[in-house]
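Trainee: I would like to go through the labels on this model. Let us take them in turn.

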Amino acid sequence: KDDTFEEYFPKKDFPGNKCMQIIASNPGLKKEEIKLSFLKLIGEAKKSIYIQTPYLILDNVMKDALELASKNGVDVRIMVPYIPDKVLVNQVTKSNYLTLLKSGVRIYEYTPGFVHAKTIISDDEFGVIGSINFDYRSYFLHFENGVWLYNSSAIYDCKEDFIKTLDVCHEVTYDEYMKTNAALRLMRSILNLFSPLL
């Protein structure tokens, strides 16, 4: 049967939406398209990278990209939950704080509850919104989808939401993190070794 699918196409132009592209992952892909897309967003940022994610499980490549962007003068801000849904995953998230904070990345914990937003905004020009977490499972094991936006009004809406949400966040500082119990920091480092399984 020769299907045209025209009934699913937009019937009108939506103002402010210049370009959108779907990015996806699944266990059968030979390349980690989502991870590569995220690395491109981070690596090409000139002014700012704002990230909201419930899970911040970083491998060395992603961590290096965020640190390098910050050291190059990019305003890198990451928002994660203060109240976790998974205690061990939250501890692995916190295990990434130290090196990120050292490089100038600003980390915010959303205090009212569990933030489940999954967005990246780069230079007010590019953005990704979808079901994608910053973790191994989203890149390699799960069926995830995101919308890559370019020059879209939705990007400004996401940034405005991010900025407003900072009012109810706690910014984690390097000095504060260094006051964390040494045994707890050691436990986080050990858990981090098992991050691909979380």
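**Labels and their cut-offs**

Mentor: Strand 5 and strand 6 (residues 126–130) run antiparallel and are joined by four bridges. This is a predicted model: local features need pLDDT of at least 70, side-chain atom pairs count only at pLDDT 80 or more, and totals for chains, interfaces and linings use all residues. Residues are numbered from 1 along each chain as its sequence is written, and side-chain values use heavy atoms, without hydrogens or water.

Trainee: What makes strand 5 and strand 6 a pair?

Mentor: Two strands pair if DSSP finds at least two bridges between them. Here there are four, with Ile120 opposite Val128 in strand 6. Strands are DSSP runs of E, at least two residues, and helices are runs of H or I, at least four, numbered from the N terminus.

Trainee: What lies between strand 5 and strand 6?

Mentor: Three residues, in a hairpin. Asp123 in the turn has a positive phi of about 55°.

Trainee: Which strand do four bridges join to strand 5 in the case of strand 2 (residues 48–52), and how do the two run?

Mentor: Strand 2 and strand 5 run antiparallel. Ile49 has Ser122 as its bridge partner.

Trainee: Why is Ser103 called buried?

Mentor: Buried means under 20% relative accessible area, exposed over 50%, partly exposed in between (1.4 Å probe, protein chains only). Ser103 has 9%, so Ser103 is buried.

Trainee: What does Ser103 contact, leaving aside its neighbours within four places in sequence?

Mentor: Glu67, Ser70 and Lys71. Contact means heavy atoms within 4.5 Å.
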